Amino acid sequence: MRSVLAYSSARILLFVATVAILFLCGARGPLLLALSVLISGIVSYVLLSRQRDEVSAVLTEKAQRGKARLDESKTKED
């Protein structure tokens, strides 16, 4: 679960940094938020691909374990 927290924190930090930089460049209001979402999304796609893969692996593993437990409990009921 640590990788999920690290990835989420990195995404938030990238967004905040993008907002700050665009604010200093003169963007305001809805334009500031729209550009920040777009730019931080692109940057995180490039820079955080390894962390995103780790998060995906962790979540997939948890989902598979949950499904296995559910299948096991269904088998016990029969």
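Modeller: One term before we start: a salt bridge here is a side-chain nitrogen of Lys or Arg within 4 Å of a carboxyl oxygen of Asp or Glu. Keep in mind that this is a predicted model.

Biologist: How many salt bridges does a search of the whole structure find?

Modeller: The pair concerned is arginine 65 and glutamate 61, whose closest N and O atoms are 4.0 Å apart. Searching the whole structure gives a total of one.

Biologist: Which helix do arginine 65 and glutamate 61 lie in?

Modeller: Arginine 65 is partly exposed, at 41% relative accessible area, and glutamate 61 is partly exposed too, at 44%. They sit four residues apart, about one turn of the helix, and that helix is H3 (residues 49-77).

Biologist: Which residues of H2 are buried?

Modeller: Buried means under 20% relative accessible area. An α-helix has 3.6 residues a turn, so residues three or four places apart point the same way. In H2, the residues that count as buried are Leu32, Ser36, Ser40 and Ser44. They share one side of H2, because they cover an arc of only 70° around the axis.

Biologist: And how much accessible area does the nonpolar patch on the surface have together?

Modeller: Let us begin with leucine 38, which lies in helix H2. Leu38 is exposed on the other side of H2, as are Ile42, Tyr45 and Val46, among others. Leu38, Ile39, Ile42, Tyr45, Val46 and Leu47 form the patch, and their accessible area together is about 630 Å².

Technical notes. Residues numbered from 1 in each chain as written. Predicted model: local features only at pLDDT ≥ 70, side-chain atom pairs only at ≥ 80, totals over all residues. Heavy atoms only, no water. Buried < 20%, exposed > 50% of the residue type's maximum accessible area, 1.4 Å probe, protein only. Helix = DSSP H or I, 4+ residues; strand = E, 2+ residues; numbered from the N terminus. Arc of directions from axis to C-beta. Patch = residues over 30% accessible without salt bridge, like charges linked within 9 Å, V, L, I, M, F, W, Y side chains within 5 Å. Areas by Shrake-Rupley, 256 points an atom, 1.4 Å probe, with all protein chains shown as cover.
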